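Dear colleague,

Please find the structure below.

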Amino acid sequence: MASTIQVDKIQDQGGNTIIESNGSGVASTRIPTTYLGSGTASSSTFLRGDQTYAAAGGGKILQAVTASDGTSRSTTSTSYVTASNTLSVSITPAATTSKIWVVCQTTGGYAATSGETASFALFRDGSNIGPANGMARVYNPDNGGGSIRVPVVISVLDSPSSTSALTYQLYAKGSGGGQVDINWATSEGNIVAMEVGA
(Lines give C-alpha, C1' and ligand atoms only; values in the text may rest on other atoms or scores of the structure.)
Protein backbone atom coordinates (compact mmCIF):
# COMPACT_ATOMS: atom_id res chain seq x y z
CA MET A 1 0.00 0.00 0.00
CA ALA A 2 1.48 3.35 -1.07
CA SER A 3 2.10 5.95 1.59
CA THR A 4 2.66 9.70 1.32
CA ILE A 5 4.53 11.93 3.73
CA GLN A 6 3.75 15.61 3.42
CA VAL A 7 5.90 18.28 5.09
CA ASP A 8 6.63 21.91 4.38
CA LYS A 9 9.96 22.01 6.19
CA ILE A 10 12.78 19.69 7.23
CA GLN A 11 15.06 20.79 10.06
CA ASP A 12 18.13 19.28 11.72
CA GLN A 13 18.38 18.54 15.44
CA GLY A 14 19.55 22.09 16.10
CA GLY A 15 16.45 23.59 14.52
CA ASN A 16 18.24 24.70 11.35
CA THR A 17 16.14 24.49 8.20
CA ILE A 18 17.63 22.13 5.64
CA ILE A 19 14.81 22.08 3.06
CA GLU A 20 11.64 24.17 2.97
CA SER A 21 8.92 23.96 0.29
CA ASN A 22 6.90 26.85 -1.03
CA GLY A 23 3.90 24.56 -1.46
CA SER A 24 4.18 24.19 -5.25
CA GLY A 25 6.92 21.55 -5.43
CA VAL A 26 9.84 23.95 -5.36
CA ALA A 27 12.32 24.05 -2.48
CA SER A 28 12.67 27.59 -1.29
CA THR A 29 15.65 26.72 0.89
CA ARG A 30 18.71 24.99 -0.53
CA ILE A 31 20.71 22.35 1.30
CA PRO A 32 23.59 24.17 3.05
CA THR A 33 26.96 23.45 1.44
CA THR A 34 28.36 22.29 4.78
CA TYR A 35 25.99 19.31 4.60
CA LEU A 36 27.30 18.30 1.19
CA GLY A 37 31.02 17.99 1.87
CA SER A 38 34.05 19.06 3.86
CA GLY A 39 36.23 22.03 3.04
CA THR A 40 35.23 25.51 1.89
CA ALA A 41 32.61 25.96 -0.81
CA SER A 42 33.17 28.98 -3.06
CA SER A 43 33.01 30.12 -6.67
CA SER A 44 36.55 28.77 -7.20
CA THR A 45 35.97 25.28 -5.71
CA PHE A 46 33.96 22.24 -6.73
CA LEU A 47 32.60 19.21 -4.87
CA ARG A 48 34.61 16.09 -5.67
CA GLY A 49 33.31 12.55 -5.65
CA ASP A 50 34.78 11.99 -2.18
CA GLN A 51 32.58 14.84 -0.88
CA THR A 52 35.48 17.24 -0.49
CA TYR A 53 35.55 20.78 -1.85
CA ALA A 54 38.68 21.34 -3.94
CA ALA A 55 40.12 24.23 -5.95
CA ALA A 56 39.15 24.24 -9.61
CA GLY A 57 41.43 24.99 -12.54
CA GLY A 58 44.24 22.43 -12.18
CA GLY A 59 46.21 21.82 -15.36
CA LYS A 60 45.41 25.16 -16.96
CA ILE A 61 47.98 27.30 -18.76
CA LEU A 62 48.37 30.28 -16.43
CA GLN A 63 50.79 32.32 -18.55
CA ALA A 64 53.06 32.00 -21.57
CA VAL A 65 56.15 33.89 -22.69
CA THR A 66 57.91 33.53 -26.02
CA ALA A 67 60.97 34.74 -27.91
CA SER A 68 62.41 34.31 -31.39
CA ASP A 69 65.81 34.65 -33.05
CA GLY A 70 66.44 34.92 -36.78
CA THR A 71 70.20 35.28 -36.70
CA SER A 72 72.44 32.34 -37.63
CA ARG A 73 74.58 31.26 -34.68
CA SER A 74 77.44 28.78 -34.49
CA THR A 75 79.95 27.31 -32.07
CA THR A 76 82.79 24.79 -32.10
CA SER A 77 82.60 24.19 -28.35
CA THR A 78 82.60 20.61 -27.06
CA SER A 79 80.80 21.79 -23.89
CA TYR A 80 77.28 23.21 -23.79
CA VAL A 81 77.18 26.95 -24.58
CA THR A 82 74.51 29.43 -25.67
CA ALA A 83 76.43 30.30 -28.87
CA SER A 84 75.15 33.85 -28.26
CA ASN A 85 71.66 32.82 -29.41
CA THR A 86 68.70 34.76 -28.05
CA LEU A 87 66.38 31.75 -27.85
CA SER A 88 65.85 32.65 -24.22
CA VAL A 89 62.77 33.47 -22.13
CA SER A 90 62.23 34.56 -18.52
CA ILE A 91 59.13 33.49 -16.60
CA THR A 92 58.08 33.94 -12.97
CA PRO A 93 55.78 31.13 -11.73
CA ALA A 94 52.77 32.14 -9.64
CA ALA A 95 53.11 29.11 -7.32
CA THR A 96 55.77 26.62 -6.30
CA THR A 97 53.43 23.80 -7.37
CA SER A 98 53.34 25.01 -10.98
CA LYS A 99 55.20 23.21 -13.75
CA ILE A 100 56.88 25.00 -16.65
CA TRP A 101 56.45 23.49 -20.10
CA VAL A 102 59.21 24.70 -22.43
CA VAL A 103 59.18 24.11 -26.19
CA CYS A 104 61.99 25.23 -28.49
CA GLN A 105 62.51 24.80 -32.23
CA THR A 106 65.30 25.77 -34.60
CA THR A 107 67.17 24.54 -37.66
CA GLY A 108 70.31 22.92 -36.31
CA GLY A 109 73.25 21.23 -37.92
CA TYR A 110 76.82 20.08 -37.79
CA ALA A 111 79.73 20.55 -40.15
CA ALA A 112 81.98 17.71 -39.05
CA THR A 113 85.23 16.20 -40.22
CA SER A 114 84.96 12.75 -38.65
CA GLY A 115 81.35 11.63 -38.31
CA GLU A 116 80.62 13.64 -35.19
CA THR A 117 77.46 14.65 -33.31
CA ALA A 118 75.87 17.97 -32.40
CA SER A 119 73.72 18.01 -29.25
CA PHE A 120 71.06 20.50 -28.18
CA ALA A 121 69.47 20.91 -24.74
CA LEU A 122 67.37 23.33 -22.70
CA PHE A 123 68.90 24.99 -19.65
CA ARG A 124 67.20 26.67 -16.70
CA ASP A 125 69.37 29.39 -15.14
CA GLY A 126 72.47 27.70 -16.54
CA SER A 127 71.53 24.15 -15.48
CA ASN A 128 70.69 21.42 -17.98
CA ILE A 129 67.05 20.29 -17.68
CA GLY A 130 67.00 18.06 -20.73
CA PRO A 131 66.74 16.17 -22.79
CA ALA A 132 69.01 14.07 -20.59
CA ASN A 133 72.45 12.93 -21.69
CA GLY A 134 72.66 15.11 -24.79
CA MET A 135 69.60 13.83 -26.61
CA ALA A 136 68.10 15.88 -29.48
CA ARG A 137 71.23 15.11 -31.46
CA VAL A 138 72.26 15.79 -35.05
CA TYR A 139 74.64 13.11 -36.32
CA ASN A 140 76.84 13.80 -39.32
CA PRO A 141 78.09 10.59 -40.92
CA ASP A 142 80.19 12.41 -43.50
CA ASN A 143 83.87 11.87 -42.73
CA GLY A 144 84.91 14.22 -45.50
CA GLY A 145 83.96 17.48 -43.83
CA GLY A 146 80.42 17.82 -45.19
CA SER A 147 77.54 19.33 -43.27
CA ILE A 148 74.00 18.28 -42.39
CA ARG A 149 71.02 20.46 -41.38
CA VAL A 150 67.81 19.22 -39.73
CA PRO A 151 64.90 20.64 -37.72
CA VAL A 152 65.52 20.51 -33.98
CA VAL A 153 62.50 20.51 -31.62
CA ILE A 154 62.86 20.10 -27.85
CA SER A 155 59.99 19.86 -25.35
CA VAL A 156 60.60 19.64 -21.58
CA LEU A 157 58.14 19.75 -18.66
CA ASP A 158 60.09 21.28 -15.79
CA SER A 159 59.22 21.29 -12.06
CA PRO A 160 61.25 24.20 -10.65
CA SER A 161 59.35 24.53 -7.31
CA SER A 162 59.96 28.27 -7.40
CA THR A 163 58.21 31.63 -7.54
CA SER A 164 61.37 33.47 -8.61
CA ALA A 165 62.14 34.61 -12.15
CA LEU A 166 63.51 31.69 -14.22
CA THR A 167 65.44 31.90 -17.47
CA TYR A 168 65.18 29.11 -20.04
CA GLN A 169 67.58 29.03 -23.01
CA LEU A 170 68.77 26.71 -25.78
CA TYR A 171 72.35 25.44 -25.50
CA ALA A 172 74.42 23.44 -28.01
CA LYS A 173 77.73 21.61 -28.32
CA GLY A 174 79.66 19.37 -30.70
CA SER A 175 81.36 16.09 -29.95
CA GLY A 176 84.64 16.80 -31.74
CA GLY A 177 85.20 20.45 -32.57
CA GLY A 178 83.13 20.72 -35.74
CA GLN A 179 80.83 23.70 -36.31
CA VAL A 180 77.41 23.44 -34.64
CA ASP A 181 74.71 25.62 -36.19
CA ILE A 182 71.62 27.22 -34.64
CA ASN A 183 69.10 28.99 -36.90
CA TRP A 184 71.01 27.82 -39.96
CA ALA A 185 70.75 30.11 -43.00
CA THR A 186 69.00 32.76 -40.88
CA SER A 187 65.98 30.52 -40.35
CA GLU A 188 63.96 31.74 -37.37
CA GLY A 189 64.04 29.79 -34.13
CA ASN A 190 61.42 30.11 -31.39
CA ILE A 191 61.11 29.27 -27.71
CA VAL A 192 58.02 29.37 -25.48
CA ALA A 193 57.65 28.75 -21.75
CA MET A 194 54.20 28.06 -20.33
CA GLU A 195 53.24 27.90 -16.65
CA VAL A 196 50.92 24.95 -16.00
CA GLY A 197 48.83 25.23 -12.82
CA ALA A 198 48.81 22.29 -10.42
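A salt bridge is counted here when a side-chain nitrogen of Lys or Arg lies within 4 Å of a carboxyl oxygen of Asp or Glu. By this rule there are 3 salt bridges. Please note that this is a predicted model, in which local features need pLDDT of at least 70 and side-chain atom pairs count only at pLDDT 80 or more, while totals for chains, interfaces and linings use all residues. Residues are numbered from 1 along each chain as its sequence is written, and side-chain values use heavy atoms, with hydrogens and water left out.

Salt bridges

Side chains of opposite charge can pair when their charged atoms come close. Arg124 and Asp158 form one of the salt bridges, with their closest N and O atoms 2.7 Å apart. This pair links distant parts of the chain, since Arg124 belongs to strand β10 and Asp158 to strand β13 (residues 147–158), 34 residues apart. Strands are DSSP runs (E, at least two residues), numbered from the N terminus. As to accessibility, buried means under 20% relative accessible area, exposed over 50%, and partly exposed in between (1.4 Å probe, protein chains only). Asp158 is buried at 7%, whereas Arg124 is partly exposed at 21%.

Strand β13 also holds Arg149, whose partner Asp181 is in strand β15 (residues 179–182), 32 residues apart.

Asp69 and Arg73 form another salt bridge, their closest N and O atoms being 3.0 Å apart. Asp69 is buried at 4% relative accessibility, and Arg73 is buried at 19%.

Aromatic pairs

Rings of Phe, Tyr and Trp (its six-membered ring) pair if their centres lie within 6.5 Å; planes under 30 degrees apart count as stacked, over 60 as edge-to-face and the rest as tilted. The count by this rule is 2 aromatic pairs. Tyr80 and Phe123 are edge-to-face, at 5.4 Å centre to centre and 65° between the planes. Tyr80 lies in the loop between β7 (73–75) and β8 (88–91) and Phe123 in strand β10 (residues 117–124), so the pair ties together parts 43 residues apart in sequence.

Phe123 and Tyr171 are stacked, with 3.8 Å between centres and 15° between planes. Tyr171 is in strand β14 (residues 166–174), 48 residues from Phe123. Tyr80, Phe123 and Tyr171 form one aromatic cluster. Relative accessibility is 18% for Tyr80, which counts as buried; Phe123 is buried at 8%, and Tyr171 is buried at 14%.

Yours sincerely

Key:
Helix = DSSP H or I, 4+ residues; strand = E, 2+ residues; numbered from the N terminus.
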